Amino acid sequence: MAAAKTANVTARIQPDIKESAEAILERLGIPVSVFIDMTYRQVIMHDGVPFSLEIPQKIATRDSITEAEFNKMMATGLAQAKADDSLTIDEAFLNLRMEIAK
């Protein structure tokens, strides 16, 4: 039985992105080469990119909202604080990540 031929893939990527992704893949027990192969196979199976490529809706910033919207947001936050209706920092960041991913 002859060994399957292989081809090399070369890509430039920011070091912190590479390290973060590879750390996750390592926790999953997936070598980078296997992940790349799986991704290419999914592109073939979907006849395109196998995930959504959308620009997420931007999160409101102080510069992008009116004075009334800002005051309403602050009043809501104050009412939540007074009612002890709050989240842990981990819950807040998880919610933020989920909102950004939409």
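The expected span of a helix is 1.5 Å times one less than its number of residues. Keep that rule at hand for the exercises below, which use a predicted model.

**Exercise 1. Check the span of α1 against the rule.**

Step 1: Count the residues. α1 has 14.
Step 2: Apply the rule. At 1.5 Å a residue, α1 should span 20 Å.
Step 3: Compare with the model. The end C-alpha atoms of α1 are 20 Å apart, so the two values agree.

**Exercise 2. Describe the largest pocket and its lining.**

Step 1: State the volume. It is about 610 Å³.
Step 2: Count the lining. There are 20 residues, and V9, A11, V32, S33 and I36 lie nearest the centre.
Step 3: Trace the helices. α1 (15–28) and α2 (32–46) each give at least two lining residues. The largest share, eight residues, comes from α2.
Step 4: Sort by class. Eleven lining residues are nonpolar, four are polar and five are charged.

**Exercise 3. Which residue lies over the face of F70?**

Step 1: Search for aromatic pairs. The whole structure has zero.
Step 2: Look for a charge over the ring. The cut-off is 6 Å from the ring centre. R62 lies over the face of F70, at 4.2 Å from that centre.

Terms used
Residues are numbered from 1 along each chain as its sequence is written. This is a predicted model: local features need pLDDT of at least 70, side-chain atom pairs count only at pLDDT 80 or more; totals for chains, interfaces and linings use all residues. Side-chain values use heavy atoms; hydrogens and water are left out. On a 1 Å grid over the protein atoms alone, a cavity is a set of points where a 1.4 Å probe fits but cannot get out, and a pocket is an open set with protein on both sides within 12 Å along at least five of seven lines; lining residues have an atom within 4 Å of a point. Grid points are joined across faces, edges and corners, and a volume is the space filled by probe spheres set on the points. Helices (H or I, at least four residues) and strands (E, at least two) are DSSP runs, numbered from the N terminus. Ala, Val, Leu, Ile, Met, Phe, Trp, Tyr, Cys and Pro count as nonpolar, Asp, Glu, Lys and Arg as charged, and the others, Gly among them, as polar. Rings of Phe, Tyr and Trp (its six-membered ring) pair if their centres lie within 6.5 Å; planes under 30 degrees apart count as stacked, over 60 as edge-to-face and the rest as tilted. A charge sits over a ring if NZ of Lys or CZ of Arg is within 6 Å of the ring centre and within 35 degrees of the ring normal.
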